[in-house]
Amino acid sequence: MQTITEYMAGGHKVCDDEFAIAEKASYTREWSVAKSAFNTFRDDMAHHFRIEEEVLFPELVSAGGPAGPVHIMCMEHTQINELLDQMAAALANEDTQEYQGLSETLLMVMQQHNLKEEQILYPIADRVLSAERESVLNRMQQA
């Protein structure tokens, strides 16, 4: 059976791939490609955050998991969403320099965020939620 860590890390990979397409297109000023890839990336991120915030994190905390790290991840989601808003504005203005600067910032934030989730929080969730893993994974896949 797939673990929570595997499932959620797969979501990170999907988002990372779309992010890279948008970033590359912004460098070559292929704005329609950049905008399309960015919108897909942003939608994928929103879906990923929804899975975490509405299913995984409440289940984890309810089962006695660490509320502090969960709170920090949610705060980082807010920070990421603010960067995404700024990036969307830069894309709308076709401002290569602004978009790329924000993209570099977001990349650093995402790398750190994903590392904390994949190396610490998701493995904790796999342990704490081991008895209900299948049910939690099913709910995450349906979200």
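His12 touches His48, Glu52, Asn114, Glu117, Glu118 and Tyr122, leaving aside residues up to four places away in sequence. The model is a predicted one. His12 sits in helix α1. Its relative accessible area is 4%, under the 20% cut-off, so His12 is buried.

**Helix α1 and its partners**

Helix α1 covers residues 4–27, and helix α2 covers residues 31–62. The crossing of α1 past α2 is left-handed. The residues of this contact comprise 18 nonpolar, 5 polar and 3 charged.

Helix α1 also meets α5. The axes of this pair come within 10 Å and cross at roughly 20°. An angle under 35 degrees counts as roughly parallel, and α1 and α5 are therefore roughly parallel to each other. Here too α1 passes in a left-handed crossing. From α1, the residues Ile4, Tyr7 and Met8 take part. From α5, their partners are Arg133, Val136, Leu137, Met140 and Gln141. By class, this contact has 6 nonpolar, 1 polar and 1 charged residues.

Which residues of α5 are buried? In this helix, residues 133–142, they are Arg133, Val136, Leu137 and Met140. Viewed down the axis of α5, the buried residues fall within an arc of 100°, so they line one face of the helix. This buried set packs against α1, α2 and α4. The face turned away from the buried side carries Glu134 and Gln142, both exposed.

Ile51 belongs to helix α2. With 3% relative accessibility, Ile51 counts as buried. Beyond residues up to four places away in sequence, Ile51 touches Tyr7, Met8, Leu56, Met140 and Ala143. Met140 is one of the buried residues of α5. Ile51 and Tyr99 are 48 residues apart along the chain, and their C-alpha atoms are separated by 27 Å.

Gln100 lies in helix α4, residues 96–128. Gln100 counts as buried at 14% relative accessibility. Its contacts are Ser26 and Tyr27, again not counting residues up to four places away in sequence.

**Positive phi in two loops**

Most residues other than glycine have a negative phi. Arg29 has a positive phi of about 60° although it is not a glycine. Arg29 lies in the loop between α1 and α2. Glu94 has a positive phi as well, near 50°, and is likewise a residue other than glycine. Glu94 is placed in the loop between α3 (67–92) and α4.

Glu94 is partly exposed, with 37%.

**Accessibility at a glance**

| Residue | Relative accessible area | State |
|---|---|---|
| Ile51 | 3% | buried |
| His12 | 4% | buried |
| Gln100 | 14% | buried |
| Glu94 | 37% | partly exposed |

Definitions and conventions:
Residues are numbered from 1 along each chain as its sequence is written. This is a predicted model: local features need pLDDT of at least 70, side-chain atom pairs count only at pLDDT 80 or more; totals for chains, interfaces and linings use all residues. Side-chain values use heavy atoms; hydrogens and water are left out. Axes are lines fitted to C-alpha atoms, for helices over the stretch in contact, and angles run from 0 to 180 degrees between N-to-C directions. Helices (H or I, at least four residues) and strands (E, at least two) are DSSP runs, numbered from the N terminus. A crossing is left-handed if the near helix is turned anticlockwise from the far one by less than a right angle, and right-handed if clockwise. Ala, Val, Leu, Ile, Met, Phe, Trp, Tyr, Cys and Pro count as nonpolar, Asp, Glu, Lys and Arg as charged, and the others, Gly among them, as polar. Buried means under 20% relative accessible area, exposed over 50%, partly exposed in between (1.4 Å probe, protein chains only). Contact means heavy atoms within 4.5 Å. The arc is that of the directions from the helix axis to the C-beta atoms. Angles under 35 degrees count as roughly parallel, over 145 as roughly antiparallel, 65 to 115 as roughly perpendicular and the rest as oblique.
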